[in-house]
Amino acid sequence: MRSKFNLNVADLKRPSVLIQGIPNSGKTHLAGDMLRTEQEFGPVRFINIKGEDGWQSIAHMGLGDIGITVDAATDVRELAGEFVRDKVHAAVLDGARLLYGLLLVAMVQSDPKCATEVRLPDARFDGEKSKGYWSQARFQMEQTITLLKTSVNVLMATTVSAQDVHEITGLKQIAPDIYGKMGSGLIGLFDFSGYIKAEVIGPGRSQRTVSFEVRNDVQTRQRLAFPLKDPIVLPEGFGGWQKIKTALAGGLGKETK
């Protein structure tokens, strides 16, 4: 199947955004703010990977009965189909690290001899098959994220950060804390990958910023004609997602509501 498109047209009608950061930096809060903003344009959903369970930080946002907890990657792929059917406008995937963990465990359990084992692929037990398990899990992660991206107009995923060594540049960088080489790979699956940071700026006061700009110390991504060069300072409370949308639209040379 082929379809033509115009290379002169750029917009933010279907953005996919990955937000990484250390615990307590405001990832889930920003994700909830995105849903709160986007629900004006259509139905929204919040996918919680079992074990992440961080939605309490957005319980005050009035989002209602839109949360779905899943404990298998197949559940996420099924949800993508339901989102298309129900014309869901925006969705959050809270816990990308745990999703990849589910995929890796499923690879091990695909062997009848290991059906009850909850562990990562390991050459000591799986022999040469372990390499295939890692490759299959990465492929399935890519397919799962792609299905989600194409099932909604706006997708935001969250993941915790850690220091990593980039497999190509050799630089020590902050990157998604995901097993194997999936950290850098995960960033490449999204249009925009930002690093959220919270800093104390005074008694009882903190400031959150999100960086999409090129940095030596953090792995980021932005698909923009006019790349952002500075972090985006988020307002306290609500309005963070709208400020990010405005900045990204400006990077395309556009205006946004």
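How far apart are the mean positions of the positive and negative charges of the protein chain? I looked this up first. The 32 positive and 29 negative charges have mean positions 5 Å apart. I counted Lys and Arg as positive and Asp and Glu as negative, leaving out His and the chain ends. Each charge was placed at NZ of Lys, CZ of Arg, CG of Asp or CD of Glu.

I note that this is a predicted model, where local features need pLDDT of at least 70, side-chain atom pairs count only at pLDDT 80 or more, and totals for chains, interfaces and linings use all residues. Residues are numbered from 1 along each chain as its sequence is written, and side-chain values use heavy atoms, without hydrogens and water.

Next, the fold. I find seven helices and 10 strands in the protein chain (DSSP runs numbered from the N terminus: helices H or I, at least four residues; strands E, at least two). I also checked burial. Of the 257 residues, 46% are buried (under 20% relative accessible area, 1.4 Å probe, protein chains only).

Then I turned to strand S2, residues 44-49. Five of its six residues are buried, so S2 is largely enclosed by the rest of the structure. S2 runs parallel to strand S4 (residues 90-94) over five bridges. Here Phe-46 has Val-92 as its bridge partner. S2 also pairs in the parallel sense with strand S3 (residues 67-70), over four bridges. On that side I see Phe-46 opposite Gly-67. I took strands as paired if DSSP finds at least two bridges between them.

Conventions
Buried means under 20% relative accessible area, exposed over 50%, partly exposed in between (1.4 Å probe, protein chains only).
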